[in-house]
Amino acid sequence: MRIPTFADVLEARRRIAPYLQPTPLHNYPSLDRLVGAEVWVKHENHQPIGAFKVRGGINLISQLDAAERVRGVITASTGNHGQSIAYAARLFGVPATVCVPEGANPVKLDSMRSLGARIVVAGADFDEAREHCERLAASGGLRYVHSGDEPLLIAGVGTETLEIVEARPDLDTLIVPIGGGSGAAGACLVAGTLGIPAEVIGVQSAAAPAAHRSWSAKALIADKMGTFAEGLATRTAFELPQRILWQRLDDFVLVEERELREATYRMIELTRNLVEPAGAAALAGALRLRSRLAGRRVGLIASGGNISPDQLREVLAAGAPDAAGHPRSAAS
């Protein structure tokens with residue numbers, strides 16, 4: 001697989017510009033106080049599918065040849081990548097099938113169906129759905145779209161970071177959620193070329209640490225998958241994003257499930273935006289690194305807003321910690 005370049009990101013921006021507007025980048029003084037830094041939130045939750053991955057989907061589907069468009073595409077997803085492919089496939093008149101695990105987020109499933117994708121439920125988790133998807137692709141002659149090992153996807157999602165650094169070239173740090181790692185890989189491509197921001201930090205759930213362990217070891221490693229944040233829920237690392245992260249990611253932190261819940265609550269409370277747990281992971285990472293980030297200008301990528309009603313009730317019931325750091329309910 002070819003590692004995409006900064007030139008590929010620029011070309012991706014040209015391709016997706018007719019279909020997607022730049023998303024907002026906002027500062028919230030209440031988040032500044034919470035983190036102890038000047039915090040800027042990139043609102044990818046404002047995308048048409050509520051997640052950043054639509055950038056990559058449009059970039060890839062727009063480049064299919066005529067035969068691939070007729071045969072159609074197939075992919076596996078816990079939700080946001082699947083929405084991305086379904087949305088782009090609808091734009092370009094391409095049949096799309098998405099394999100999802102049992103118990104997938106119903107908000108994302110309904111969106112994919114509404115966009116016209118055929119849904120195949122297979123497996124207990126993402127990786128089992130992916131394995132089933134690969135078998136269907138081979139038997140049916142469909143164009144298989146891997147959720148991470150696709151240069152066009154990575155170049156496409158890299159455009160979010162390009163928008164960030166053009167709007168705020170004075171950022172010191174960018175914090176990016178990592179599941180498969182395409183978003184962080186795209187961020188590293190841009191930052192590595194422009195030198196802005198000075199560092200890119202990835203965040204993953206300690207309950208699904210395969211990408212973190214792979215980055216640390218510089219080898220692909222599988223691990224447990226127990227996070228409630230399905231956008232971070234992978235038990236195997238992806239080769240192409242990891243090859244970029246091994247070279248260019250400055251740091252990578254793990255956060256606990258409790259921290260993800262608290263960060264989701266805080267993002268909803270302080271920005272008045274709906275975010276899903278994966279979309280709040282960057283804030284969880286910033287709070288974990290609070291002393292290190294003090295006084296800096298920090299960008300947080302709110303990668304998605306597709307929280308299910310059950311997840312939202314759980315987050316609001318858990319609430320944020322009180323002044324002493326103890327959990328409290330949203331009603332207290």
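## Aromatic rings and their contacts

**Exercise 1.** Classify the exposure of Y19 from its relative accessibility, and do likewise for F92.

*Solution.* Y19 has a relative accessibility of 36% and therefore counts as partly exposed, given that buried means under 20% relative accessible area, exposed over 50% and partly exposed in between (1.4 Å probe, protein chains only). F92, at 18%, counts as buried. The model is predicted, with local features needing pLDDT of at least 70 and side-chain atom pairs counting only at pLDDT 80 or more, while totals for chains, interfaces and linings use all residues. Residues are numbered from 1 along each chain as its sequence is written, and side-chain values use heavy atoms, leaving out hydrogens and water.

**Exercise 2.** State how many aromatic pairs the structure holds, and determine the geometry of the pair Y19 and F92.

*Solution.* The structure holds three aromatic pairs, where rings of Phe, Tyr and Trp (its six-membered ring) pair if their centres lie within 6.5 Å, and planes under 30 degrees apart count as stacked, over 60 as edge-to-face and the rest as tilted. The ring centres of Y19 and F92 are 5.4 Å apart and the planes stand at 70°, so this pair is edge-to-face.

**Exercise 3.** Describe the pair W215 and F252 and the burial of W215 and F252.

*Solution.* The centres of W215 and F252 lie 5.7 Å apart with 55° between the planes, a tilted pair. W215 is buried at a relative accessible area of 14%, and F252 is buried at 4%.
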